[in-house]
Amino acid sequence: MRLNTALRRLGKKGFEVKQNSRNNKMFSARKGRDVIEFIAMGNIVGNPIITAIRVRDVNDIDDHYTDYNAGVWCDNLTQALAIVRG
């Protein structure tokens with residue numbers, strides 16, 4: 001899925017989408033307690049595809065010391081939206 005399509009779809013579902021200030025290719029969409037995160041592959045200006053999509057709870061955080069990855073990895077945005085609670 002292309003970045004512009006994903007942003008438009010998340011906006012229609014009521015998600016607040018933010019671009020990471022340190023890495024402008026990382027995006028985070030939040031609605032209630034659910035967070036959908038993904039990365040844009042390629043130049044942001046060129047409408048790249050999105051990858052590395054995952055769903056996690058807002059309080060569930062990665063712990064690199066114990067190799068814990070928060071959330072569930074998804075194949076596509078449709079799958080991620082199906083996991084989100086309401």
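Visitor: What should I know about the model before we start?
Guide: The model is predicted, so local features need pLDDT of at least 70 and side-chain atom pairs count only at pLDDT 80 or more, while totals for chains, interfaces and linings use all residues. Residues are numbered from 1 along each chain as its sequence is written, and side-chain values use heavy atoms, with hydrogens and water left out.

Visitor: Sheet first. What is the strand order?
Guide: The order is β1-β2-β3-β4-β5, in an open sheet of 5 strands with antiparallel pairing. The edge strands, each pairing on one side only, are β1 and β5 (72–74). Strands here are DSSP runs of E, at least two residues, numbered from the N terminus, and two strands pair if DSSP finds at least two bridges between them.

Visitor: How many bridges join β2 to β3?
Guide: There are 6, and the two strands run antiparallel. Phe27 has Phe38 in β3 as its bridge partner. Their hairpin has 2 residues between the strands, and Gly32 takes a positive phi near 65° there.

Visitor: And β3 with β4? How many bridges?
Guide: β3 and β4 pair over 7 bridges, also in the antiparallel sense.

Visitor: Is β3 mostly covered or uncovered?
Guide: Mostly covered, with 6 of its 8 residues buried (under 20% relative accessible area, 1.4 Å probe, protein chains only).

Visitor: Which strands does helix α1 lie across?
Guide: Helix α1 (residues 3–12) lies across β1, β2, β3 and β4, at about 165° to β3. A helix is a DSSP run of H or I, at least four residues; angles run from 0 to 180 degrees between N-to-C directions, with axes fitted to C-alpha atoms, for helices over the stretch in contact (heavy atoms within 4.5 Å).

Visitor: Now pockets. What lines the largest pocket?
Guide: Its lining includes Asn20, Phe27, Phe38, Arg54 and Trp73. A pocket is an open set of points on a 1 Å grid over the protein atoms alone, where a 1.4 Å probe fits, with protein on both sides within 12 Å along at least five of seven lines; lining residues have an atom within 4 Å of a point.

Visitor: Which strands supply at least two residues each?
Guide: β2 (26–31), β3 (34–41) and β4 (49–57) do, for the largest pocket.

Visitor: Which strand gives the most to the second largest pocket?
Guide: β2, with 3 residues. The lining of the second largest pocket includes Ser28, Ala29 and Arg30.

Terms used: Buried means under 20% relative accessible area, exposed over 50%, partly exposed in between (1.4 Å probe, protein chains only).
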